[in-house]
Amino acid sequence: MKVTLKIWRQPDSVSPGAMHTYELDGVSEDMSFLEMLDVLNEDLIVKGEDPVAFDSDCREGICGMCGLMINGQAHGPEVTTTCQLHMRSFKDGDEIVIEPWRSDAFPVVKDLVVDRGAFDRIIQAGGFISVNTGSAPEAHSVPVPREDAIRAFNVATCIGCGACVAACPNGSASLFMGAKITHLGELPQGQPERDSRVVGMVAQHDAEGFGGCTNIGECTAACPKEIPLDVISRLNWDLHAALRHGH
Amino acid sequence: MAASGIIFIGFVLLHMYGNLKAFSGHDAYNEYAEHLRTIGEPMLPREGLLWIIRAVLIVSLVVHVYSAAKLWRRSNHARTQRYVVKKNLASSFSSRWMRWGGLTILLFLIWHLVNFTIGKVNVSGGATNDPYNLLVDTFDTWWMTIIYLVAMFALGMHLHHGVWSSAQTLGLTNNARARRNAKALGWIVAVVIAGGFSLVPIFVLAGVITK
């Protein structure tokens, strides 16, 4: 199949960027989206042009590195990561618009690559539990209700890809924060730092320049891991509780 | 946003209920309007409770508008480079119209207060000292009814998203069922309040409520 690609090209973080159009022929529907971009880049290298920079790592949908805005949808038309998207989701002759995540907290490094360091700093501000390393304690010594464990595991699937921020009309990272806060807050190990976690993460989130949540719900629709909106309710609940406790 | 919004919901519910007194006729409606001024007497002065309510509403309005402006500003700064193509997948029309819809309601509110409270403007040139007659004169004018119906549509949309959004902000929608219930409540509140308010102008224009 043949596709027309409109791709954001930007040489570095300070230079202005623009959309460039490329025609690509001989695309197989069995190719992954990133393989299709690999083929484009081989063409560009042969022609002596600068290949399109994009992020990817595991290409298994579990690392969160690959994130592209494809035809106005974070990770494209399927509920999955960009690397797990295949060209069978497109038709011969399609025009495909590819842009980087648009968030001032995720500055463009080059072309489609953005710096998601803001997420790391939010995690450093509270998205962890403090435990002494060493031999693991006996798992059965700390009982966890089944429903709590399931919820914690479900939201722990967040890979920090940033699709929630990319899709949010406000550019908020509340779904990401809510996933971490719910994940750790559901488990006994997360309780000692529950208040300082939410206060620290929200303060860092706001300082990074992410927008405020207005409960629109585009984040959860874009999330490749289908993190539900109720984690944001949990985030708000925990924040109110922490403020009541004097934080 | 959530706390001040809930105060407004309580207010519009009472206001809507009061307006329906128009169906009971001239005397019942004016008696209700007068009662609002004498309620709480003699412990409170005349219009005492009314001014307490007004003070709460003014403070809520300042908080609500300030919070909205701050969110809007943060949102603009969070994405200065816009997408060339951006699709809306799951968001409701009302959720995306909270800001412009809210401004519509604010503009309407100013006119509404000039119309019935501060200025008492009778567009048909009649008397303004009789609440019931002012109401009928206003909504006998077709374009006034249109303005009010448009405003009620904006209010209904604002409530549809606002009810669920405030529940979420207060942390009350911590599971899928609670989320569904909050969204359903948003629909109910929007239809009851916007619909209830719209009855009086429509029935005046239709000639059912007359002087």
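Which residues are buried in helix 5 of chain A? They are Ser174(A), Leu175(A), Phe176(A), Met177(A), Gly178(A), Ala179(A), Lys180(A), Ile181(A), Thr182(A), His183(A), Leu184(A) and Gly185(A). Buried here means 20 or more other C-beta atoms within 10 Å of a residue's own, exposed means 12 or fewer, and partly exposed is in between, with C-beta atoms placed from the backbone.

A word on ground rules before going on. This is a predicted model, in which local features need pLDDT of at least 70 and side-chain atom pairs count only at pLDDT 80 or more, while totals for chains, interfaces and linings use all residues. Residues are numbered from 1 along each chain as its sequence is written, and chains are lettered from A and ligands numbered from 1 in the order in which they are written.

**Chain A overall**

Chain A has eight helices and seven strands; these are DSSP runs numbered from the N terminus, with helices being H or I of at least four residues and strands E of at least two. Its C-alpha atoms fill a box of roughly 60 × 35 × 35 Å along the principal axes. Of the 247 residues in chain A, 45% are buried. Take the contacts in chain A between residues at least 6 apart in sequence: 71% of them join residues at least 24 apart. A contact means that two C-beta atoms, placed from the backbone, lie within 7 Å.

The chain splits into domain 1 (3-110) and domain 2 (116-129 + 144-244), with bounds that come from an automatic or database domain assignment. The C-alpha centres of domain 1 and domain 2 of chain A are 27 Å apart. Where the two domains touch, 18 residues come from domain 1 and 17 residues from domain 2. The domain 1 side of that contact has eight nonpolar, eight polar and two charged residues. For those classes, Ala, Val, Leu, Ile, Met, Phe, Trp, Tyr, Cys and Pro count as nonpolar, Asp, Glu, Lys and Arg as charged, and the others, Gly among them, as polar.

**Helices of chain A**

Back to helix 5 (residues 174-185) of chain A: twelve of its twelve residues are buried, so the helix is mostly covered. Its twelve residues should span 16 Å at 1.5 Å a residue, and its end C-alpha atoms are 15 Å apart, which agrees; the expected span is 1.5 Å times one less than the number of residues. The buried residues of helix 5 pack against helix 2 (117-124), helix 3 (146-155), helix 4 (163-167), helix 6, helix 7 (218-222) and helix 8 of chain A.

Two of those partners also pack on each other. Helix 6 (residues 194-207) and helix 8 (residues 230-244) of chain A meet at an angle of about 110°, with axes 9 Å apart. That makes helix 6 of chain A roughly perpendicular to helix 8 of chain A. Axes are lines fitted to C-alpha atoms, for helices over the stretch in contact, and angles run from 0 to 180 degrees between N-to-C directions. Angles under 35 degrees count as roughly parallel, over 145 as roughly antiparallel, 65 to 115 as roughly perpendicular and the rest as oblique. On the helix 6 side the contact uses Arg194(A), Asp195(A), Val198(A), Val199(A) and Val202(A), and on the helix 8 side Leu235(A), Asp238(A), Leu239(A), Ala241(A) and Ala242(A). By class, the residues of this contact are seven nonpolar, no polar and three charged.

**Where chain B comes in**

In the contact between the chains, 33 residues of chain B meet 35 residues of chain A. On the chain B side, the elements giving two or more residues are helix 3 (48-78), helix 4 (93-96), helix 7 (142-169) and helix 8 (176-205). Helix 3 of chain B gives the most, with five residues. The chain B side has twelve nonpolar, 14 polar and seven charged residues.

Elsewhere in chain B, Tyr29(B) lies in helix 2 (residues 26-38). Tyr29(B) is buried, with 24 other C-beta atoms within 10 Å. Leaving aside residues up to four places away in sequence, Tyr29(B) touches Lys21(B), Ala22(B), Ser24(B), Pro131(B) and Tyr132(B). Tyr29(B) and Val204(B) are 175 residues apart along the chain, and their C-alpha atoms are separated by 14 Å.

Most residues other than glycine have a negative phi, and most peptide bonds are trans. Here are some exceptions.

| Site | Backbone value | Location |
|---|---|---|
| Glu47(B) | phi about 65° | loop between helix 2 and helix 3 of chain B |
| Glu41(B) to Pro42(B) | cis, omega about 5° | Pro42(B) in the loop between helix 2 and helix 3 of chain B |

Asp111(A) is buried, with 23 other C-beta atoms within 10 Å, whereas Glu47(B) is partly exposed, with 15.
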